[in-house]
Amino acid sequence: MSELDPLDQRIFGLLAENGRMSNLELAGHVGVSEKTVRQRIRRLTERDGMRIGATLARSAARSRLIVLVRAESGQRFAVAHRLSALPEVDEVHMTTGNWELIVMASFNSDSDALTFYVNHVERATGIDDSRSTHIVETISSKTGESAAAFEQFEVRASSAESLPELLDLVCDAATELLGADRVHVSADDSWLTGPDAHSWTKSMRWRGLSSRYVEEIRMMGRDSALTVPNVVRHHQHLFVADAQTDPLFESISHLVASEGYHSWFGMPVRNGDTLRGTLCLYWNGIITYREDLGIRSQELADMLGKHLARFGNEQTDAVPDESELTGAAHDRGATPRA
């Protein structure tokens with residue numbers, strides 16, 4: 001591996017601390033342009049073998065259960081130790097009051113939770129009475145901050161005075177609130193169907209992707225046989241854990257490799273039953289799909305769809321100037337659902 005210069009070392013150090021930091025954030029920290037950061041990351045990845053990954057302490061459980069237990073006289077400790085030893089049980093709390101134990105457990109499905117409750121609680125010795133309830137959602141200060149952030153996006157989107165401004169706000173929200181490293185958003189599908197840049201540049205924005213990537217995807221997207229552009233064209237939902245190995249991205253594998261992203265999530269933007277555009281999220285590392293990510297991503301797409309209705313066909317009214325065509329507004333433009 002070649003010796004890293006000071007700039008490479010600073011970029012590598014920041015990514016080692018926070019692999020989800022966007023190129024724009026990195027650029028602000030190290031004092032260079034987003035384009036320079038993108039080029040340096042590509043070189044670190046291709047030449048020096050840098051990899052940015054994601055890990056989970058454990059797989060997210062689909063079903064979580066709280067069980068309140070009243071033990072038979074003298075059996076409290078025995079029951080607590082027996083339940084805590086079961087692999088499904090996360091925690092057992094000894095409490096005061098009517099219920100002596102609170103058991104928290106996680107399962108792959110609701111049926112597994114029911115089987116656990118019947119076999120290890122209802123039919124178990126040493127338990128006098130019990131009650132159970134499923135956890136629907138966990139509210140914490142972090143989730144509260146997320147909700148407030150979405151409210152702030154709603155306020156800012158409501159005051160957006162142009163379509164490009166609205167799309168830029170969505171790019172900001174996708175990176176800041178959803179943790180995406182790259183994002184593409186379009187107000188229609190003209191980037192796939194338009195004859196030239198003048199007809200589609202105004203209707204989309206992207207972050208973290210090169211203009212070359214967007215243009216090549218656009219040109220390839222005219223081939224209706226390609227799977228991924230069809231996902232965009234037909235407004236389907238699709239999550240791909242690793243675009244560098246997934247067969248759906250095989251036709252553009254050279255582009256995926258040059259950009260260096262892995263996980264990809266594309267979804268339609270709607271206003272009621274009206275299709276308005278697409279939103280695509282990219283992650284530099286491999287992530288696992290989570291239900292909360294899907295819900296929050298679709299929430300952002302739905303909020304965008306509502307506000308797009310205010311601008312109608314604005315994207316076709318003006319011809320972009322030369323600076324907008326070279327880099328699509330500071331290389332922030334659009335990310336096709338490639």
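## Terms and model

A residue counts as buried under 20% relative accessible area, exposed over 50% and partly exposed in between, using a 1.4 Å probe and protein chains only. Helices (H or I, at least four residues) and strands (E, at least two) are DSSP runs, numbered from the N terminus. The model discussed here is predicted: local features need pLDDT of at least 70, side-chain atom pairs count only at pLDDT 80 or more, and totals for chains, interfaces and linings use all residues. Residues are numbered from 1 along each chain as its sequence is written, and side-chain values use heavy atoms, with hydrogens and water left out.

## The chain as a whole

Let's start with the overall numbers. The protein chain contains 14 helices and nine strands. Of its 338 residues, 47% are buried. The accessible surface of the chain comes to about 17000 Å² (Shrake-Rupley method, 1.4 Å probe), and carbon and sulfur atoms hold 50% of that surface.

Contacts (heavy atoms within 4.5 Å) can also be sorted by distance along the sequence. Among those in the protein chain with a separation of 6 or more, 69% are between residues 24 or more positions apart.

## The five-stranded sheet

Five strands make an open sheet in the order E6-E5-E9-E8-E7, with antiparallel pairing; two strands pair if DSSP finds at least two bridges between them. Strand E6 (204-207) and strand E7 (238-240) stand at the edges with a single partner strand each, so one side of each has no neighbour in the sheet. On average, neighbouring strands of this sheet are turned by 10 degrees against each other, direction ignored.

Now for the pairings themselves. E7 is joined by three bridges to strand E8 (residues 263-271), and the two run antiparallel. Here Phe239 has Phe265 of E8 as its bridge partner. Phe265 also stands opposite Leu281 in E9, and E8 and E9 pair in the antiparallel sense over nine bridges. The hairpin of E8 and E9 has two residues between the strands, and Gly272 takes a positive phi near 65 degrees there. E9 also pairs with E5 in the antiparallel sense, over five bridges, and Ser186 stands opposite Thr278 in E9. Seven of the ten residues of E9 are buried, so this strand is largely enclosed by the rest of the structure.

Angles run from 0 to 180 degrees between N-to-C directions, and axes are lines fitted to C-alpha atoms, for helices over the stretch in contact. Helix H12 (residues 291-308) packs on the sheet and touches E5, E8 and E9. The direction of H12 makes about 40 degrees with that of E8.

## Around strand E3

A further set of strands is worth a look. Five of the seven residues of E3 are buried, leaving this strand mostly covered. E3 pairs with E1 in the antiparallel sense over seven bridges, and E2 is joined to E3 by five bridges, again antiparallel. Ile102 of E3 takes part in both pairings: Leu68 stands opposite Ile102, and Ile102 is the bridge partner of His93. E2 and E3 form a hairpin with six residues between them, and Gly97 in the turn has a positive phi of about 100 degrees.

Helix H5 (residues 110-122) has Ala113, Phe116, Tyr117, Val118 and Val121 buried. The cover over the buried residues of H5 includes strand E1 (63-71), strand E2 (89-94), strand E3 (101-107) and strand E4 (127-134).

## The H2 and H3 pair

Helix H2 (residues 23-30) packs against helix H3 (residues 34-46) at an angle of about 105 degrees, with the axes 8 Å apart. H2 is therefore roughly perpendicular to H3; under 35 degrees counts as roughly parallel, over 145 as roughly antiparallel, 65 to 115 as roughly perpendicular and the rest as oblique. Asn23, Leu24, Leu26, Ala27 and Val30 in H2 meet Glu34, Val37, Arg38 and Ile41 in H3. By class, this contact has six nonpolar, one polar and two charged residues. Ala, Val, Leu, Ile, Met, Phe, Trp, Tyr, Cys and Pro count as nonpolar, Asp, Glu, Lys and Arg as charged, and the others, Gly among them, as polar.

Thr36 lies in helix H3. With 25% relative accessibility, Thr36 counts as partly exposed. Thr36 and Asn23 are 13 residues apart in sequence and 9.2 Å apart in space, C-alpha to C-alpha.
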